[in-house]
Amino acid sequence: MSEDWAAVARAIDQRTHELGLRQRDVAKRAQVSQATVRELQRHTVIRRRSTRTLEALSLALEWHPRHLLSLLEGHTPPAVDDPVFPEDDVPTRLDAIERHLREITQQLDELNNRLRDDRSAVRSDRPG
């Protein structure tokens, strides 16, 4: 599947202008860095972004949570009031939960590694 990051960039750019928002406003609403918003809006850094980031930005721009992900995947975005998951779509809901858990686990692993590195650095700095 091909990802259309240019479509994501155009949508973010157009929507920020429609809503009269600056990048820092969008970043604050979405709780992501302003650099992330800038990279996506200007389509300058191509790298995989988490589903959570795209959902947070969609919500910050007053769209359905899956709006930007739909554009990225080449689909028509859902309407704002569409359900995130159809009521009877248990497999899709479980897949989404598993994806979020993997993202959380990865973030926790990164934090644990940083803490371990910081503790090692503190121990090595102590006179002994």
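**View 1. Arg22 and its partner Asp25, paired by charge**. Arg22 is partly exposed, with a relative accessible area of 48% (buried means under 20%, exposed over 50%, and partly exposed in between, with a 1.4 Å probe and protein chains only). This is a predicted model, in which local features need pLDDT of at least 70 and side-chain atom pairs count only at pLDDT 80 or more, while totals for chains, interfaces and linings use all residues. Residues are numbered from 1 along each chain as its sequence is written, and side-chain values use heavy atoms, with hydrogens and water left out. Arg22 makes a salt bridge with Asp25, and the closest N and O atoms sit 3.4 Å apart (salt bridge: a side-chain nitrogen of Lys or Arg within 4 Å of a carboxyl oxygen of Asp or Glu). Asp25 is partly exposed too, at 22% relative accessible area. In total, the structure holds four salt bridges.

**View 2. Arg29 and Glu62 hold hands across the sequence**. The two side chains meet in a salt bridge, 3.3 Å from N to O. Arg29 lies in helix H2 and Glu62 in the loop between H4 and H5, so the pair ties together parts that are 33 residues apart in sequence (helices are DSSP runs of H or I with at least four residues, strands are runs of E with at least two, and both are numbered from the N terminus). Arg29 counts as partly exposed at 43% relative accessibility, and Glu62 also comes in at 43%, partly exposed. Take a look at the backbone as well: Glu62 follows H4, and its phi is near 65°, a positive value in a residue other than glycine.

**View 3. Arg49 and Glu39, a pair that is buried**. Here the salt bridge has its closest N and O atoms 2.4 Å apart. Arg49 lies in the loop between H3 and H4, Glu39 in helix H3, so this pair ties together parts that are 10 residues apart in sequence. Neither residue is left out in the open: Arg49 and Glu39 are both buried.

**View 4. Gln31, with a positive phi**. Gln31 sits in the loop between H2 and H3. Its phi is near 60°, positive even though the residue isn't glycine. At 66% relative accessibility, Gln31 counts as exposed.

**View 5. Helix H4, mostly under cover**. H4 takes in residues 51-60, and eight of its 10 residues are buried. Among them are Thr51, Glu55 and Ser58, along with Leu54 and Leu57. What does the covering? Helices H1 (5-19), H2 (23-30), H3 (34-42), H5 (67-72) and H6 are included.

**View 6. Leu57 in the largest nonpolar core**. This core has 21 residues, and those with the most contacts inside it are Val8, Val26, Leu57 and Leu68 (a nonpolar core is a set of buried Ala, Val, Leu, Ile, Met, Phe, Trp, Tyr and Cys residues joined through side-chain atoms within 4.5 Å). H1, H2, H3, H4 and H5 are the elements that give two or more residues to it. Leaving aside residues up to four places away in sequence, Leu57 touches Val26, Ala30, Val32, Val37, Leu40 and Leu68 (contact means heavy atoms within 4.5 Å).

**View 7. A nonpolar patch around Ile104**. Val90, Leu94, Ile97, Leu101, Ile104, Leu108 and Leu111 make a nonpolar surface patch of about 630 Å². Patches are made of residues with over 30% relative accessible area and no salt bridge, with like charges joined within 9 Å and nonpolar side chains (Val, Leu, Ile, Met, Phe, Trp, Tyr) within 5 Å; accessible areas come from the Shrake-Rupley method with a 1.4 Å probe, and for residues only the protein chains shown count as cover. Ile104 lies in helix H6, residues 90-125, and is partly exposed at 43% relative accessibility. An α-helix has 3.6 residues a turn, so residues three or four places apart point the same way.

View 8. The chain has six helices and zero strands. Its radius of gyration is 18 Å, well over the 14 Å that the globule rule gives for 128 residues, so the chain is more spread out than a compact globule (the radius is taken over C-alpha atoms, and the rule is 2.2 Å times the number of residues to the power 0.38). The C-alpha trace spans about 65 × 40 × 25 Å along its principal axes. Of the 128 residues, 32% count as buried. The chain exposes about 8700 Å², with carbon and sulfur atoms supplying 50% of it.
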